[in-house]
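Visitor: I have the structure open. Can we go through a few parts of it?
Guide: Go ahead and pick a starting point.

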Amino acid sequence: MNIMQEMKRRLAAALREAAASARAAGELTYETLPDFVIEAPRDKSHGDFAANLALLLAKAARQAPRQVAEIIVRHLEMPQPGVARIEVAGPGFINFILDRGWLLPVLPAVLAEDEHYGWSNIGQGVKVQVEFVSANPTGLLHMGNARGAALGDSIANLLTAVGYDVTREFYINDAGNQIENFGLSLEARYLQALGVDAELPADGYHGEDLIDTVRRFIDRYGDKYLDTDAKLRREMLVQFALEEKLAAIRRVLEDFGVTYDVWFSEQSLHDSGAVARAIADLDRAGYIYEKDGALWFKATAFGAEKDEVVVRKNGLPTYFAADIAYHRNKFERGFARVINVWGADHHGHVARLKGALQALGYDPNRLEIVLMQLVRLYQGGEILRMSKRTGRYVTLDELIEEVGRDAARYFFVMLKSDSHLEFDLDLARSQTADNPVFYVQYAHARICSILRLARERGLEVPPAREARLELLQEEAEVALIKQIAALPDTVAGAAQALEPHRLTRYAHELASLFHSFYTSCRVLADDPELRKARLVLVEAARITLRNVLHLLGVNAPERM
């Protein structure tokens with residue numbers, strides 16, 4: 001049940017009728033009503049809902065917005081179900097103050113829908129693919145990968161909750177220059193380990209983890225590849241290392257609560273000829289030209305800042321060429337929407353990739369990019385440096401060990417993806433109300449504690465139909481019910497905007513309202529009817545908080 005949406009729909013209809021009535025009476029003039037919104041104002045003194053219709057209609061009506069609002073309100077039929085009073089406020093907002101009974105039907109609905117409360121069918125089964133992390137399999141996962149994992153998985157959870165058919169996908173970058181460089185780095189470590197003087201490439205991979213990988217390679221193969229052909233030696237080293245690195249990436253992501261439906265190999269696009277076909281099709285469409293021995297895509301024809309090489313002068317396709325083929329492949333697999341979570345440093349790649357898809361005949365708007373800013377890790381008030389090349393970066397494994405999966409996932413989605421994130425390790429570890437995930441999880445554990453105590457006294461949560469919910473009249477009770485009722489709208493809005501940080505804000509507000517309710521209202525009251533009603537409310541709060549945490553990939557503990 002989305003009681004908030006239903007009330008907004010009814011109020012919008014009433015406003016349209018009132019405006020039409022005023023026009024028929026000659027008090028308002030307009031051709032068509034503008035698209036107005038009705039939303040819950042953050043300032044509680046502005047009522048339960050506020051409409052901006054008069055502000056938008058004033059120009060057409062040639063009257064002041066406040067005067068338009070007063071005319072509309074005069075023509076509103078009263079009483080409106082659930083509406084206690086209507087006020088004109090500020091420059092011309094129409095505020096609705098509802099009676100305290102309108103929210104009560106949400107509590108039985110929450111208990112009935114249980115783990116699906118907050119879900120909807122906005123997506124109507126449309127196929128969506130979410131690609132995220134897709135880290136180079138040349139090392140361990142760092143903080144940027146971790147933020148992408150938390151964001152991508154939460155977005156996938158949100159889209160699933162609103163009715164999309166979601167596929168989670170990891171693109172394995174197992175081809176191209178980086179793999180060649182990876183092979184040269186592994187070869188240098190291999191030769192060094194066997195007592196041969198060898199230098200790492202200047203732009204190679206210097207992580208300590210490569211030394212360990214090569215040590216395990218030697219444990220299996222010894223010096224078998226010391227005197228063999230260098231190309232074969234590198235191929236064997238790369239094959240061994242990729243299997244090991246990918247296995248490690250899968251394991252740590254699973255530890256982080258992230259699993260994928262598809263692991264897609266970049267090399268498979270080269271092997272199948274998909275990359276070559278994409279370049280050929282772009283050429284036939286007139287978007288490829290040759291310069292300095294290389295083939296270029298006319299990205300500037302689609303708003304990009306510069307054209308982009310798709311085939312180097314040595315004849316090898318670029319990473320961009322493979323990316324074009326990959327995204328074409330996504331659409332060929334039937335995805336109506338494809339969503340990528342990228343680091344902000346890939347900003348320049350957006351226009352040229354969309355342009356390439358448009359050149360191949362696809363609607364570029366079907367590709368949506370969520371850009372995320374960098375993560376700065378703090379401990380003791382100082383930044384912890386991370387550098388994949390120097391081997392001094394903090395890995396996702398280490399972060400999970402340090403603060404736990406729940407704190408890590410919650411912190412990574414607390415802010416909008418395009419905001420820089422300062423991850424305070426000390427705060428994430430703390431067990432105080434200052435730690436947002438601890439604060440929210442503690443609210444859930446406190447609710448479970450109340451329900452356990454009730455059971456110990458032989459009291460169960462009654463069926464909602466058997467509780468006199470109209471007894472829930474305290475300010476703290478009404479505020480808590482209103483927040484519970486807002487979940488379906490919050491989930492829908494977060495899913496449509498691809499903004500899981502809205503859920504953390506919602507969860508924190510819900511926890512805060514529950515703590516306030518707990519302070520001012522005794523759940524296991526002496527009055528048996530009031531006790532029944534409050535047990536229903538507490539159970540609804542538990543379900544709601546649990547569902548939000550699960551959408552974020554965070555556990556809802558029963559004890560802390």
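Visitor: Where does UniProt place the "Arginyl tRNA synthetase N-terminal" domain?
Guide: The UniProt record, an unreviewed entry, puts that domain at residues 9-98. The model itself is predicted.

Visitor: Helix 17 and helix 20, then. At what angle do they pack?
Guide: About 35 degrees, with the axes 10 Å apart. Helix 17 covers residues 475-485 and helix 20 covers residues 528-551.

Visitor: Is the crossing left-handed or right-handed?
Guide: Helix 17 crosses helix 20 in a left-handed sense.

Visitor: Which residues meet there?
Guide: From helix 17, Glu477, Leu480, Ile481 and Ile484. On the helix 20 side they meet Leu530, Arg534, Leu537, Ala540, Ala541 and Thr544. By type, the contact has seven nonpolar residues, one polar and two charged.

Visitor: Changing topic: where is serine 430 found?
Guide: Serine 430 sits in the loop that runs between helix 15 (425-429) and helix 16 (436-456).

Visitor: What lies 2.7 Å from a polar atom of its side chain?
Guide: The backbone oxygen of leucine 427. Setting aside neighbours within four places in sequence, serine 430 also contacts Asn435 and Phe438.

Methods. Residues are numbered from 1 along each chain as its sequence is written. This is a predicted model: local features need pLDDT of at least 70, side-chain atom pairs count only at pLDDT 80 or more; totals for chains, interfaces and linings use all residues. Side-chain values use heavy atoms; hydrogens and water are left out. Axes are lines fitted to C-alpha atoms, for helices over the stretch in contact, and angles run from 0 to 180 degrees between N-to-C directions. Helices (H or I, at least four residues) and strands (E, at least two) are DSSP runs, numbered from the N terminus. A crossing is left-handed if the near helix is turned anticlockwise from the far one by less than a right angle, and right-handed if clockwise. Contact means heavy atoms within 4.5 Å. Ala, Val, Leu, Ile, Met, Phe, Trp, Tyr, Cys and Pro count as nonpolar, Asp, Glu, Lys and Arg as charged, and the others, Gly among them, as polar. UniProt positions are given in the numbering used here, feature names are shortened, and annotations may be inferred rather than shown by experiment. A polar contact is a pair of N or O atoms within 3.5 Å; within protein, one must be able to donate a hydrogen and the other to accept it, and residues adjacent in sequence count only if both atoms are side-chain atoms.
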